Amino acid sequence: MFNLIKDNKGFVSLADAMLSIFILLMVLMALNMMIDIEIPSLSEESNDFKTSQDIMEIMSSKVDGRDYTVLERITYILSENNNSIASRREVKAILDELFMVYFDDRHHYSFVETNQLNGEILSSNGDYSSSRRVNVAIRNYGNYSYKLYVF
């Protein structure tokens with residue numbers, strides 16, 4: 001019978017060493033696989049299609065350290081000028097400039113105010129009624145409610 005307590009040949013020590021080396025190699029292989037996993041950088045520009053929620057989030061965030069968000073600016077312009085035609089034209093110019101940066105010719109949008117202006121389109125480059133896929137985002141600011149349709 002084989003007696004492990006009085007092992008003079010080192011079989012138990014050898015088996016223990018081989019087991020520990022095997023475990024160490026498995027851990028190193030797992031770490032190596034984890035390093036190879038590609039994690040996208042949050043600072044890189046994404047080439048994916050931007051949904052209406054993405055654009056509306058940009059419009060309601062302070063970008064580049066500006067003092068006011070886009071929604072704050074257009075709400076201020078509309079409310080200070082009592083929703084006049086001149087204020088709507090100024091808002092349209094701001095929105096057209098913003099949407100030109102984020103949308104190419106393949107994507108269309110429609111930006112609508114639904115509370116104070118009763119569904120008036122403030123900026124648009126197409127009609128979403130015939131589109132098969134429409135993304136919608138809604139944000140409220142003050143007494144104004146804005147909807148952005150991307151199609």
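Helices (H or I, at least four residues) and strands (E, at least two) are DSSP runs, numbered from the N terminus. The model is predicted: local features need pLDDT of at least 70, side-chain atom pairs count only at pLDDT 80 or more, and totals for chains, interfaces and linings use all residues. Residues are numbered from 1 along each chain as its sequence is written, and side-chain values use heavy atoms, with hydrogens and water left out.

Start by selecting Ile 138, in strand S3 (residues 135–141). Ile 138 has 45% relative accessibility and therefore counts as partly exposed (between buried, under 20% relative accessible area, and exposed, over 50%; 1.4 Å probe, protein chains only). Leaving aside residues up to four places away in sequence, Ile 138 touches Ser 145, Tyr 146 and Lys 147 (contact means heavy atoms within 4.5 Å).

Select strand S1 (109–113). Five of the five residues of S1 are buried, so S1 is largely enclosed by the rest of the structure. Tyr 109, Phe 111 and Glu 113 point one way, Ser 110 and Val 112 the other.

S4 runs antiparallel to S1, joined by five bridges, and Tyr 146 in S4 is the bridge partner of Glu 113. S2 is also antiparallel to S1, with four bridges; Val 112 is partnered there by Ile 121. Six residues separate S1 and S2 in their hairpin, and Asn 118 in the turn has a positive phi of about 55 degrees.

Terms used. Pairing = 2+ DSSP bridges.
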